[in-house]
Amino acid sequence: MNLPDISQQLMALAGDQISVLGLRINLGNLTDVTPDTYSVLGWIVWLPVIGALINGIWGKKLGRQGVYIAGIGAVGTSFLLSILAFFTLLKSGHAPAEAAEGANASAGEAAHAAHHMLSFVARAPSIQQVIDGVKVEWMPWDWFLAPTGPHTGEMIRMRYVLDPLSGVMLLVVTGVGTLIHVYSAGYMSHDAGYARFFAYLNLFIFAMLNLILGDSLVLLFLGWEGVGLASYLLIGFWYHNAAYAFAGRKAFIVNRIGDAGLLMGMSIIAWKGGTYTFETLRHHVAEGGAAWTALTEHTGLGNFLIDALPFVGSIPSIASKMELLNPTWGGLACLLLFVGCCGKSAQFPLYVWLPDAMAGPTPVSALIHAATMVTAGIYLLCRLSFLFIHFTTVMNIIALVGAFTALFAATIAVTQVELKKVLAYSTVSQLGFMFIGCGVGAFSAGFFHVFTHAFFKACMFLGAGAVMHACGDRQDVRELGGLRKYLPVTFWTFLVATLAIIGTPFLFSGFYSKDEILFRAFAHTWSPGLGKLVYGMGVLAATLTSFYMSRVFILTFLGEGPAYLEKAGITVDAHGHATSTAHDDAHGHDAHGHDAHGDDGHGHHDPNPIPSEAGIDMKLMVAPLVVLATMAIVASVLGLPHWMTHHEGMLATFLEHPVADGFQFVSEATRTQRHTLEIPAMFGGIGAWAVGAGLAIWVYVSQKGEPAKRASEALPKLYSLVLAKWRIDELYDLVFVRPLRGFASFVAIFDRFVIDGLVNLVGFVAMLLGKLLRPMQTGAVQVYGAFISVGALAIFAWAVGAPAVVLSQRVDGATARIEASGGPGYTYRWASFEANRDATSDTLEARCPLAEAAATALSHAGDGSVETRHDEALQGASGRCVVVEARNAFGRRAYARALVISNNPGTIVVPGTN
Amino acid sequence: MTAHLLSIIVAAPALAALVVLLLPSSARLAIRVASLAGALVSLAGSVVALASYDRHAGGLQRVEDVALVPSMGIHLRLALDGWGGPLLLLTGIIIVAGVAASWTLASRDKEYFVLLLVLVAGVFGVFVSQDLMVFFLFYEVAVLPMYLLIGIWGASHAVPAKGPFARAWRVFSVGDKQYAAMKLTLMLLVGSAAILVAIFAMYIGAGARSFDLADLAAAHFDRRMQLWAFPLVWLGFGTLAGVFPFHTWSPDGHASAPTAVSMLHAGVLMKLGAFGVMRIGMVLLPEGATAWMPVVGGVAALNVLYGAFCAMSQSDLKYIIAYSSVSHMGVVMLGAATLTPEGWNGAVFQMVAHGIMTGLFFSLVGLVYERAHTRSVPLMGGFAHVMPGVAAFFTLACLSSLGLPGTAGFVSEFLVFLGAWHSGHYAWAIPGVVGAFITAIYVLRGTRAIFWGPGPSERFHALTDARGTEWVAPIMLGVCLVLFGLWPRVILDSIDTGTTAWLARLLAVGGNAL
């Protein structure tokens with residue numbers, strides 16, 4: 001019986017209609033959907049927003065119970081609806097499956113049927129469906145029209161699509177999210193800001209759901225930045241602690257670098273691929289790939305760059321789709337997207353924010369910084385795997401970065417003494433494993449690790465939170481120990497999670513997911529050398545993982561009772577009753593217990609509490625642990641290796657449509673042959689597990705930590721360097737932060753003193769001029785009189801000087817009107833005469849020479865008058881010269897002339913005086 | 001009634017100003033109610049205007065035409081185009097929020113409200129004027145009251161000058177409200193003079209018959225004239241838009257101005273500058289615009305980064321916001337310079353988005369300043385303990401400022417970024433990315449320094465969260481930020497109508513000229 005049948009049975013059990021709070025919900029309508037109207041998706045996404053708004057605005061008035069109901073209710077309902085939606089998805093995939101089954105029934109292959117048992121969704125029959133897979137979707141409104149290139153655009157819609165990939169992710173996010181909400185009700189029970197906390201958590205769920213359900217890169221980006229915001233708010237949740245607030249800001253800003261990469265990659269994809277929508281992009285890539293293949297086969301050129309095929313450019317529709325597969329653009333886009341993934345998923349060199357993010361409350365670390373948000377990068381790679389798979393160089397970079405990060409973070413984790421710090425570096429390391437998977441083309445293997453890691457890592461973080469809650473906010477493993485007696489449920493669940501993460505063979509999910517990744521690296525097809533290298537690094541990292549996780553577990557839960565109790569002189573009898581031998585010390589603070597990374601939002605009652613799982617808080621907290629630990633084992637089923645079942649893992653099969661796989665590019669025979677490497681590759685993983693765990697047991701159980709002490713004393717410099725996290729933060733501070741800050745200061749000073757200085761200088765000059773002229777305004781009549789006299793003399797001098805006359809003209813019909821400029825006491829004598837016919841050019845000098853003609857004309861002009869205007873009729877082709885003699889009151893004279901030519905009436909050349 | 005909707009929008013604040021002028025100074029409530037009524041009428045009118053604008057028909061709608069000086073071709077010609085509706089709406093929102101933010105003003109409130117309302121009437125006028133001369137007159141009406149508003153109601157020396165040049169600053173009275181008011185007015189007037197020259201060049205170049213924008217756009221100006229007239233328009237209006245290096249009035253002016261004036265100035269007035277560059281400079285002088293675009297875009301890109309870096313090292317809260325305005329107005333100019341539809345849409349959308357965002361910023365800064373009596377960020381800290389509501393809205397404004405998807409800031413920055421990318425000037429995409437990054441640094445640093453950290457020091461223990469009418473501005477503006485972020489088509493569709501028409505023509509004419 002496969003899952004769709006289960007869903008149908010569930011429906012049958014519930015009846016067609018159920019009644020909730022008087023609202024009759026027709027289940028038939030909820031599961032029989034036309035694809036674009038599946039509004040359940042809308043409720044799944046937007047319910048958390050409602051929860052966030054309620055708690056954010058009225059949280060204080062609601063009281064604790066109300067806040068818990070609103071917060072947990074919103075996410076819990078979302079989870080239940082997610083299950084419903086998931087079954088709907090299976091059901092909608094079932095119809096084509098049945099069709100395919102019918103078609104193949106005559107063949108009656110037992111293997112085929114068995115395959116169906118394992119694959120939830122059968123292979124879809126049509127090509128269209130191979131590309132699109134099965135999905136349900138919901139679209140409430142158009143967001144905005146985003147350009148994809150010059151003069152082309154695409155409407156970005158608020159459209160949510162559920163397909164197998166987002167379906168699995170959806171269940172993880174809402175499922176683990178609900179558990180952590182429940183846990184938080186216990187964990188935050190002493191915190192005053194509980195309403196704000198639940199509002200932020202709900203906001204996070206909303207953003208995360210946008211990220212995974214959004215149908216386009218832009219909507220994914222909305223979620224991408226949204227989860228960053230929620231993470232920022234939650235890391236700095238206890239904002240009164242400046243260090244926490246700083247950690248929140250650091251997370252946001254480091255992520256911004258990644259986001260910039262994502263933004264640029266996204267815009268290149270839209271530009272060269274013509275779309276933001278995953279589905280359309282998939283079609284374009286498929287078509288482009290087909291065109292490539294056709295072209296290369298046709299021309300026999302092989303896999304050359306698209307630029308080598310100039311004629312392709314003449315087919316715009318295909319060219320644009322193929323351009324994205326051009327290694328330059330497509331590779332660049334993918335590389336930039338990977339930069340985004342490095343930020344969000346904490347890969348080298350952008351991982352630095354994640355360890356600091358542990359400043360947030362522990363449920364946040366579990367939900368956001370371990371199980372869900374930080375896996376967004378892997379999700380994005382899987383989502384776009386059909387594109388990434390075309391760029392082997394980028395894939396190799398991804399694999400190498402992943403392997404390096406896995407190893408690098410593991411070395412740091414070995415030396416750390418704080419529980420949450422170890423878990424944080426372990427998360428970075430495990431994310432590296434996931435990227436190895438993606439980088440070697442085994443996207444579904446990487447995603448399987450996302451899935452299993454979500455359970456065991458969340459379980460460990462929540463276990464760590466329970467330890468801290470029970471032990472007065474202590475998380476330094478040197479102060480803990482022997483908690484097995486006090487916190488049995490936490491102990492057992494933590495044990496399961498530890499066994500899972502270190503890859504204990506055959507029973508735990510971590511083994512299968514890590515093993516699949518390592519095998520795929522080992523069996524890497526297109527760069528075998530790189531595959532072996534990555535495999536080696538992965539095994540080494542796995543060994544370290546096995547060592548440090550065992551170490552932390554041993555130090556926390558095994559051995560003698562918690563060290564802080566012993567220090568405080570409290571002994572606990574067999575019934576759990578405390579007897580203090582040094583009563584005075586019992587209330588003294590332990591200096592180590594309150595460093596910058598302790599959760600100091602609660603638990604101030606007793607500085608040295610006896611750890612216990614009694615009490616409602618702890619009950620709320622350990623219940624999710626049990627569920628998560630169970631899942632850490634059960635999840636194995638989804639990814640059993642080929643050598644056990646002779647099939648691809650269930651999850652891999654389920655994800656076959658949305659997620660491309662490197663194996664799709666090799667022949668069936670090669671694939672089968674490759675599977676023979678599974679068992680040899682597995683020995684590396686098992687060896688890593690055995691060596692690491694064995695070493696830890698020897699060092700910390702048999703020898704009580706002595707070898708570790710000796711090792712650190714033998715190599716003090718190396719030890720302190722690793723303990724200080726390779727001083728990467730300090731390096732960044734020196735190389736990036738300080739120069740940036742210095743440059744900003746320089747710019748600010750430049751602005752104030754140079755740019756604004758120039759502005760002030762202009763003002764200063766104006767003021768200076770004013771100052772210079774100010775002495776003239778003395779108010780003394782004699783001085784004014786003197787100024788007047790000087791002025792009068794100046795005017796006189798000007799008046800008796802040579803008169804100046806300038807002519808201006810206007811053409812009015814057949815006459816040209818010449819006008820002379822005026823002056824005091826001027827009189828004018830106008831005259832005109834025939835212009836010189838023989839001149840070769842139309843210049844004034846040539847046509848109207850100052851010669852006798854002018855003198856003769858003026859001598860006939862009679863006495864002067866005050867008339868400043870002279871009209872000259874336009875006649876004759878040679879034109880006429882106008883001359884005027886201006887005479888001022890003192891009889892001084894000046895002359896001016898003009899030429900009027902009728903065939904070019906606009907052109908009258910006006911001379912100066914002479 | 002609705003036939004004269006645009007007149008009503010423009011006249012309502014002016015009439016309210018008149019009413020306030022007639023009221024006795026002692027009638028403080030009546031003054032406020034009258035002012036608010038005027039603002040609300042305009043806002044309602046703007047909403048109706050935007051909603052009723054026929055996006056498919058496009059072009060000029062609701063045309064009203066009264067000849068003012070027929071012999072010179074000056075008409076009071078109002079009409080709504082694609083860009084007008086969103087910008088009217090922005091102005092309406094900001095003035096209502098501004099009046100609400102001024103509710104508790106203590107001194108000379110009558111004169112204050114009169115000037116505020118006159119100013120905003122000018123702003124409304126600019127956005128609907130279709131006559132260049134009337135456009136310019138409204139522009140001056142909007143700009144000049146600023147001198148009095150800052151000079152009388154402003155604040156001096158919030159953060160005293162320090163450093164080697166402190167003495168020189170004292171000589172110039174840097175930081176003084178009179179200094180700020182004078183600097184702002186003089187710089188903007190020099191800009192106006194440049195604009196006026198260009199206006200007359202266009203008027204004469206088009207035959208000295210008409211100031212109608214449509215007539216001027218249809219005239220084929222001499223290419224050489226366009227080449228010298230465009231920079232005059234660009235720098236003239238650009239001074240108000242904070243174009244580097246003529247931006248230095250902005251930090252001083254915004255820092256000295258009272259809350260509502262800062263809101264109006266950064267929120268709306270700076271947009272007049274950018275609007276002028278685009279609507280007058282680029283649309284009327286296409287060849288000049290095309291030729292100058294590399295320079296305009298380069299300077300805009302510089303603006304984005306320069307403003308962001310300056311903001312990063314300020315310690316006065318208002319200076320941080322003011323420099324961030326310089327940076328964000330760079331985004332507007334950058335979008336305009338791309339000469340792509342997405343760039344222009346992004347530019348106009350950024351006018352609205354930034355207007356609302358910076359209005360929100362200044363209203364909150366005003367609240368903080370009124371209570372803490374300091375704007376010096378290093379003195380603050382832990383204010384979220386005593387004013388959680390203010391902290392929440394401040395964070396929201398920060399998020400829009402750094403372009404978080406879901407807020408209005410994202411849509412515009414994304415569009416401008418893509419426009420820069422598609423314009424072929426790949427380098428222009430850098431500020432879109434780096435600027436957003438630097439913005440994240442300084443806004444989050446500001447948030448942390450002001451609101452986070454250990455509880456506020458003794459001095460600030462008595463601070464309270466916003467109360468009563470003080471909530472109006474933050475809530476209104478905050479809701480708008482999210483609304484326009486999630487549903488940008490409310491205004492983007494209308495903006496696109498305007499963009500499409502003008503840009504097609506510009507590219508046709510300017511493109512040929514190249």
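Where in helix 13 of chain B does the kink lie, and which proline does it come shortly before?

Tutor: The kink lies at Trp292(B), shortly before the proline Pro294(B), and comes to about 55°. The bend at a residue is the angle between axes fitted to the seven residues ending there and the seven starting there. Two conventions apply to everything below: residues are numbered from 1 along each chain as its sequence is written, and chains are lettered from A and ligands numbered from 1 in the order in which they are written. This is a predicted model, in which local features need pLDDT of at least 70, side-chain atom pairs count only at pLDDT 80 or more, and totals for chains, interfaces and linings use all residues, while side-chain values use heavy atoms, with hydrogens and water left out.

Helices (H or I, at least four residues) and strands (E, at least two) are DSSP runs, numbered from the N terminus. Helix 13 of chain B covers residues 286–312, which is 27 residues. Buried means under 20% relative accessible area, exposed over 50%, and partly exposed in between (1.4 Å probe, protein chains only).

Helix 17 of chain B (residues 408–422) can be set beside it. Its 15 residues reach 22 Å from first to last C-alpha, close to the 21 Å expected, and 15 of those 15 residues are buried. After helix 17 comes Gly424(B), with a positive phi near 95°.

Helix 15 of chain B (residues 341–372) holds Phe362(B), a buried residue with a relative accessible area of 0%. Contact means heavy atoms within 4.5 Å. Apart from neighbours within four places in sequence, the contacts of Phe362(B) include His254(B), Met263(B), Lys318(B) and Ile321(B). Phe211(B) is 151 residues from Phe362(B) in sequence and 37 Å from it in space, C-alpha to C-alpha.

Chain B also meets chain A. The contact takes 59 residues from chain B and 56 from chain A. About 5200 Å² is buried between the two chains, and carbon and sulfur atoms give 74% of that area. Buried area is the accessible area (1.4 Å probe) that two parts lose on being put together, summed over both. Three salt bridges are counted between chain B and chain A. A salt bridge is a side-chain nitrogen of Lys or Arg within 4 Å of a carboxyl oxygen of Asp or Glu. Asp756(A) pairs in this way with Lys183(B), the closest N and O atoms being 2.5 Å apart.

Asp756(A) also forms a salt bridge with Arg752(A), at 3.0 Å between the closest N and O atoms. Arg752(A) and Asp756(A) are four residues apart in helix 32 of chain A, which means that about one helical turn separates them. Both Arg752(A) and Asp756(A) are buried.

Asp729(A) has a salt bridge to Lys250(A) (2.9 Å, N to O). Asp729(A) lies in helix 32 (residues 728–773) and Lys250(A) in helix 9 (residues 242–273), so the pair ties together parts 479 residues apart in sequence. Asp729(A) is partly exposed at 28% relative accessible area, whereas Lys250(A) is buried at 16%. Arg738(A) and Asp733(A) meet in a salt bridge too (2.9 Å, N to O); Arg738(A) is exposed at 52% and Asp733(A) partly exposed at 26%. Over all chains the structure holds 26 salt bridges.

Chain A as a whole has 35 helices and 14 strands. Of its 914 residues, 56% are buried. Among contacts in chain A with a separation of 6 or more, 77% are between residues 24 or more positions apart. Ser444(A), in helix 19 (residues 443–470) of chain A, is buried at 9% relative accessibility. Leaving aside neighbours within four places in sequence, Ser444(A) touches Ala652(A), Leu655(A), Val659(A) and Asp661(A).

Definitions and conventions: Expected span 1.5 Å × (residues − 1).
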